[in-house]
Protein chains: 2
Amino acid sequence: MSEISSSDRMRAIAIACLVEPGTAGIAELIAERGHEEVLGLCSARPRGAHVAGRIDSDDVPRMVAEMSRRGVRVVLPGETEYPGQLLDLPEPPLALWIKGPLDLRATALRSVAVVGARACTPYGERATAQLAGGLAGDGWAVVSGGAFGIDAAAHRAALGADGPTVAVLACGVDVAYPRAHDALLCRIADSGIVVSELPPGSQPLKHRFLARNRVIAALSRGTVVVEAARRSGAVATATRALEIGRVVMAVPGPITSMASAGTNRLLHEQVARAVTDSSEVVALLLGDEPVPQPHAGLPAEAVRVLESLPHSGARRVESVAQEVSIGEAACLAYLGLLEVSGLAGRRATGWRRTG
Amino acid sequence: MSEISSSDRMRAIAIACLVEPGTAGIAELIAERGHEEVLGLCSARPRGAHVAGRIDSDDVPRMVAEMSRRGVRVVLPGETEYPGQLLDLPEPPLALWIKGPLDLRATALRSVAVVGARACTPYGERATAQLAGGLAGDGWAVVSGGAFGIDAAAHRAALGADGPTVAVLACGVDVAYPRAHDALLCRIADSGIVVSELPPGSQPLKHRFLARNRVIAALSRGTVVVEAARRSGAVATATRALEIGRVVMAVPGPITSMASAGTNRLLHEQVARAVTDSSEVVALLLGDEPVPQPHAGLPAEAVRVLESLPHSGARRVESVAQEVSIGEAACLAYLGLLEVSGLAGRRATGWRRTG
């Protein structure tokens with residue numbers, strides 16, 4: 001994590017507001033040419049199909065402050081809450097707008113996507129409730145897209161099990177879409193996370209759903225498709241998840257049901273593993289890593305902080321910071337991250353490992 | 001195929017009547033000690049759980065003659081109608097009792113087993129009708145066990161499509177079991193094949209179903225399980241089919257249905273490939289062999305006869321027999337086998353290839 005100046009940070013947010021999600025190579029361009037020049041390039045581009053283009057870059061500081069008042073934070077790649085696994089994507093989100101009390105990185109470390117058709121059947125709803133409820137009850141965060149059908153059933157099952165749930169939107173986090181899910185999205189933001197790479201105010205344009213699906217796929221350790229038609233967003237999510245090495249799972253359904261045609265095809269083509277309950281999902285998610293890596297996805301500094309902690313007794317922050325050669329404030333931030341990840345614990349005399 | 005004397009043939013049939021199906025090593029024992037000694041050993045054994053033991057060996061010629069009058073033939077390993085692929089089993093049937101107008105070996109070359117639960121659901125019946133009907137319509141013989149539920153639906157779908165179907169019984173071919181399937185088994189024997197390794201009169205004892213399942217698995221090029229509970233005969237058939245290198249397929253079903261618990265588990269554990277229609281089944285069956293081997297399963301002599309035939313024109317039987325160094329009667333038998341297999345054709349001046 002290389003710290004950047006606050007003015008470059010505002011430029012980075014402005015660039016993220018101007019570039020359409022799914023555009024590759026921007027981070028490399030910034031590294032080469034610097035924030036100021038890239039922002040100039042983005043601002044000069046015509047406001048066409050490939051540019052969000054709804055925000056004047058001069059307005060960004062005001063928008064960030066306004067959003068902060070409304071409980072929305074923005075995090076950039078390399079910052080503490082930005083999930084490192086998103087960098088598995090060839091086009092990682094340039095910024096994430098986040099609403100909700102949980103830490104996105106810590107939550108995503110133990111998360112699974114449960115996605116599927118908007119036009120689902122009662123069977124699909126029931127299967128989703130069983131699976132997502134079981135996963136949430138087992139402490140897994142349920143990631144989905146906040147849409148009608150399977151997505152909503154997945155979020156609701158997680159909320160019903162008092163488990164964490166993450167809605168990744170294809171519009172701004174302040175845009176209630178679908179409108180009928182206004183209350184559901186508020187509930188998710190109250191106890192879990194609502195997140196989008198699109199700046200506040202962005203509308204859910206058609207191509208943004210596919211771009212959003214790649215974030216769902218990359219954020220979670222695996223994706224379960226419950227019901228999906230042959231050609232569907234959920235099948236596309238599964239394909240993206242496979243491309244970046246995630247576990248892809250599908251729920252078998254009747255061969256006589258069009259709503260299961262996509263899932264059964266994923267199974268037939270061996271893109272997805274068949275799963276029938278949450279314990280099978282968890283076994284596949286954990287089995288995916290030959291050696292358990294509880295700190296997978298943590299930034300390198302956090303891993304070094306973790307490794308400096310004793311398994312018994314405790315070590316003071318100053319001592320840890322000195323060993324890892326970072327400032328005490330940064331050290332405290334990493335310790336906080338390790339704490340929410342369940343890997344470190346605060347004691348009267350300092351910190352120690354708990355993982 | 002080494003020809004044996006007619007008295008040794010009767011002894012071989014008697015041994016098959018005395019040894020319980022699924023017993024390994026009998027062929028090797030006969031090769032080592034001869035028919036007479038092995039028959040003596042079998043006859044001397046107490047008539048316990050592992051011996052069919054219902055037939056006095058002296059009665060065998062009379063029983064064979066009586067069965068022949070009733071349209072039942074008996075074939076032994078190495079004989080023309082005995083399907084060579086059964087020898088993939090560690091305990092191949094010692095004899096097959098066959099009723100019906102089709103040649104078992106030729107029929108089995110292009111066959112697929114469709115099996116499943118007795119206690120199936122309307123979904124299972126519908127899925128079976130779709131799959132088995134499609135396979136039969138495409139010229140594939142449908143092999144099953146003649147039982148209630150999925151088996152019956154498979155046979156009926158094949159009959160309905162005017163396709164060949166083979167019922168492999170766990171009792172004698174003259175025993176109507178289940179009794180309610182008397183008419184169905186008669187219809188199968190009228191146009192297809194009813195077959196059993198158990199001698200006529202044998203009752204369907206519990207352990208004989210598992211032994212029968214291995215014959216279903218070995219006879220066909222692949223096995224499709226439509227609906228099956230977690231622990232079931234159909235799942236056992238699939239496991240046996242996998243062990244001997246057959247294609248194993250399962251029809252996905254609702255995870256909320258106990259009748260699909262076994263099939264979904266086969267999919268989850270990657271024992272079976274998911275299939276949703278007959279074209280997917282056929283693709284997997286044909287794809288199983290990297291290079292198409294139209295004469296797979298034929299005895300070596302038949303392949304040599306086939307290879308001696310011209311692609312155009314025709315060759316006389318005497319000439320073929322001389323080249324292959326077999327008798328003319330045997331040569332004619334092999335030509336007949338090749339004819340029913342669709343590989344050779346009779347012309348005015350002799351025989352030629354048609355495959």
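Me: In which sense do β2(A) and strand β6 (residues 193-196) of chain A pair, parallel or antiparallel?
Reply: Antiparallel, over three bridges. Strands pair if DSSP finds at least two bridges between them. Strands (E, at least two residues) and helices (H or I, at least four) are DSSP runs, numbered from the N terminus. One bridge to β6(A) joins Ile98(A) to Val195(A). β2(A) also pairs with β1(A), again in the antiparallel sense, over four bridges. There, Val72(A) has Lys99(A) as its bridge partner in β2(A).

Me: What should I know about the model and its labels?
Reply: This is a predicted model; local features need pLDDT of at least 70, side-chain atom pairs count only at pLDDT 80 or more, and totals for chains, interfaces and linings use all residues. Residues are numbered from 1 along each chain as its sequence is written, while chains are lettered from A and ligands numbered from 1 in the order in which they are written.

Me: Which way do the residues of β2(A) point?
Reply: In a regular strand, side chains alternate between the two faces of the sheet. Here Leu96(A) and Ile98(A) point one way from β2(A), and Trp97(A) and Lys99(A) the other way. All four are buried (20 or more other C-beta atoms within 10 Å of the residue's own; exposed means 12 or fewer, partly exposed in between; C-beta atoms are placed from the backbone).

Me: Which strands stand at the edges of the sheet in chain A?
Reply: Start with the order: β1-β2-β6-β5-β4-β3-β7-β8-β9 (chain A), nine strands in an open sheet with mixed pairing. β1 (72-75) and β9 of chain A are the edges; each has a single partner strand, so one side of each lacks a neighbour in the sheet. Further in, β4 (141-144) and β5 (165-168) of chain A pair in the parallel sense over three bridges. Val142(A) stands opposite Thr165(A) in β5(A).

Me: How do I read a helix with a buried side?
Reply: An α-helix has 3.6 residues a turn, so residues three or four places apart point the same way. Take α3 (35-44) of chain B: His35(B), Val38(B), Leu39(B) and Cys42(B) are its buried residues. They share one side of α3(B) because they cover an arc of only 100° around the axis, taken from the directions from helix axis to C-beta atoms. Glu36(B) and Ala44(B), on the other side, are exposed. The buried residues pack against α1 (6-18) and α2 (26-33) of chain B (contact: C-beta atoms, placed from the backbone, within 7 Å).

Me: How many residues of chain A are in contact with chain B?
Reply: 17 residues of chain A, meeting 17 of chain B. On the chain A side, α6 (122-137), α11 (261-268) and β9 (273-274) each give two or more residues.

Note on methods
Contact = placed C-beta atoms within 7 Å.
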